[in-house]
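We will go from stop to stop, and at each one you will hear what to pick and what to look for.

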Amino acid sequence: MQDRSTFLNDARKLLGSRGFTSDAELMQPWLTDWRGRYSGAALGLASPANTEAVSAFVKLCNRHAVPIVPQGGNSGMSGGATPDSSGDSVVLSLRRMNAVRDFDVVAKQITCDAGMILQTLHELVGEHALRFPLTLGGKGSATIGGLVSTNAGGTQVLRHGTMRAQVLGLEAVMSDGSIFDSLTPLKKDNRGFDLKQLLIGSEGTLGIVTGATLRLVPQIGDRIVVWAGLSSISAARELLLHCQATASDALEGFEVLPRHCLASVLKHLPDARSPLRNEHEWHALIELVTEPDDDGLRALAETVFADALHQELLDDAVVASNEAQADEFWLLRDSIAPAERALGPAVQHDISVPVAKMPDFIAQTSPQIEERFPGTRAIAFGHLGDGNIHYHVLAPKGVVRTEWENSDGKTISAFVHDRVSEWGGSISAEHGIGQVKRDELGRLGDPVSLALMRRIKVALDPDDQLNPGKLVPLAKGNVSI
Ligand SMILES: Cc1cc2nc3c(=O)[nH]c(=O)nc-3n(C[C@H](O)[C@H](O)[C@H](O)COP(=O)(O)OP(=O)(O)OC[C@H]3O[C@@H](n4cnc5c(N)ncnc54)[C@H](O)[C@@H]3O)c2cc1C
């Protein structure tokens, strides 16, 4: 960067005191990732009020060669929104941009700014008997821009797909400050490459998402939420197959958690209690839903779960008796991430393997890790219906966090990722690559895919200004490929 103080003055002039700060105290909460694994430094925190201001700010950063780290709710799990420790970059927060631009209830589409918080969106469209069919535990802070940029998943992917399937149109500021406007939600549009899909999941390395048009679905008519106790993860897979065969389209979510996870959640939420009286090795949280005006759900659920009991596919089950209890069941599921975080040092993996192989993968990999690294504990939970689980390995008691993460933690992650690759899976099912899996993607990724991604990065961001060092880092001083 040429002249630090000129840049800071120009940024303040351009965005005003609400739009730009270099105050260390105000920046501090945004310089560490949600898991507390990465901390960085920044020249300033920019919070533009609209797309034009984002564009003007990006042009200013270009003139001063200041790298930009886009940030939404900072709830990401891969360190993608945390700047490096140099203090040379700015964090560009989209949180101030949270307006609804257009809401077409009849067409079931909404266009909003990138900083809109997921939970706010749920509440807003819910008032019009509609819903946005993607949810996750971080919904109170995750923003639309962050969800788009990580192609987030969550607990309704089974029926509705990931963020990629929800985005009808996109607006983004590119690295030269130009505004890519593709907000028109056309059903059919074959004018060449689908550039919005390139931006979705690019983790802030190709463009800054400023707005999105999203598809909505009708509010559900009824839902049935069931908590089941199971003897093994294989039993969970059998129950999943049964639910898919008998409930088909009504199956909205199928999440699994082992006994250890439920115990840590109950410790974390002192007022919560286990849905089932007896202890079980595994638990499944299952949601069935119907469209409005369809009153056959109760009868369907009775058949699905009576058959499951009859076929001994589950050990015990309880149906939430009302909405409040259904929410309590989901709160247990949504609290796993904070409860596991509170347990202390761990290495986390967000992996997928073909759904049918997941039980064997867990059954074989966990004992191998626990034997090779005494005192560790491998925990698998999450979205079994999508073949995606969060696979955490807890450190032995008494270790020093960073020392362990950088020694045994790294070896364990490499071991897990090697197994995932052998089993034909992905080392990042839904959380993205960010910083945490960048080197592992470089080690295990398909060389042709990596080369193509780097070429795209160079074409769209030739000066490596947008979120440098994340996802597919370019070698310093060698950005032409
Ligand atoms: C309790 C909890 C549970 C979670 N459960 C799930 C889950 O089930 N499934 C799942 O997929 N994720 C989950 N997450 C992770 C997280 O909520 C998602 O990754 C979410 O998409 C991040 O949104 P954010 O706005 O917080 O983005 P941030 O964390 O701020 O940023 C994430 C990445 O996107 C980039 N980015 C952010 N905004 C923009 C923008 N406007 N333009 C360009 N780039 C941008 C950042 O640079 C960074 O690389 C969970 C998080 C928590 C805390």
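Select the ligand and Gly153 together: a backbone N or O atom of Gly153 lies 2.9 Å from an oxygen atom of the ligand. Now bring in Thr150, whose side chain places an N or O atom 2.8 Å from a ligand oxygen. Taken alone, the ligand exposes 970 Å², and the protein buries 97% of that (areas by the Shrake-Rupley method with a 1.4 Å probe; for residues, only the protein chains shown count as cover).

A word on what you are viewing: this is a predicted model, in which local features need pLDDT of at least 70 and side-chain atom pairs count only at pLDDT 80 or more, while totals for chains, interfaces and linings use all residues. Residues are numbered from 1 along each chain as its sequence is written, and side-chain values use heavy atoms, with hydrogens and water left out.

From E3, step into the loop between E3 and strand E4 (90–93) and pick Asn74. Asn74 has a positive phi of about 60° although it is not a glycine. Is Asn74 buried or exposed? At 10% relative accessibility, Asn74 counts as buried (buried means under 20% relative accessible area, exposed over 50%, partly exposed in between, with a 1.4 Å probe and protein chains only).

For another positive phi, about 55°, select Glu312, which is not a glycine either. Glu312 is in the loop between helix H10 (297–310) and strand E15 (316–319), and is exposed, with a relative accessible area of 68%.

Now show helix H3, residues 51–64. Its 14 residues reach 20 Å from first C-alpha to last, close to the 20 Å expected at 1.5 Å a residue (the expected span is 1.5 Å times one less than the number of residues). Color its buried residues: Thr51, Ala53, Val54, Ser55, Phe57, Val58, Leu60, Cys61 and His64. An α-helix has 3.6 residues a turn, so residues three or four places apart point the same way. At the start of H3, a side-chain oxygen of Asn50 reaches to within 3.3 Å of the backbone nitrogen of Glu52. H3 is followed by Ala65, whose phi is positive, near 55°.

Jump to strand E18 (residues 388–394) and select His390. His390 counts as buried, at 6% relative accessibility. What does the side chain of His390 make a polar contact with? Show the side chain of Glu430, at 3.0 Å (a polar contact is a pair of N or O atoms within 3.5 Å; within protein, one must be able to donate a hydrogen and the other to accept it, and residues adjacent in sequence count only if both atoms are side-chain atoms).

Last stop: Ala324 in helix H11 (residues 323–334), which counts as partly exposed at 47% relative accessibility.

Note on methods:
Helix = DSSP H or I, 4+ residues; strand = E, 2+ residues; numbered from the N terminus.
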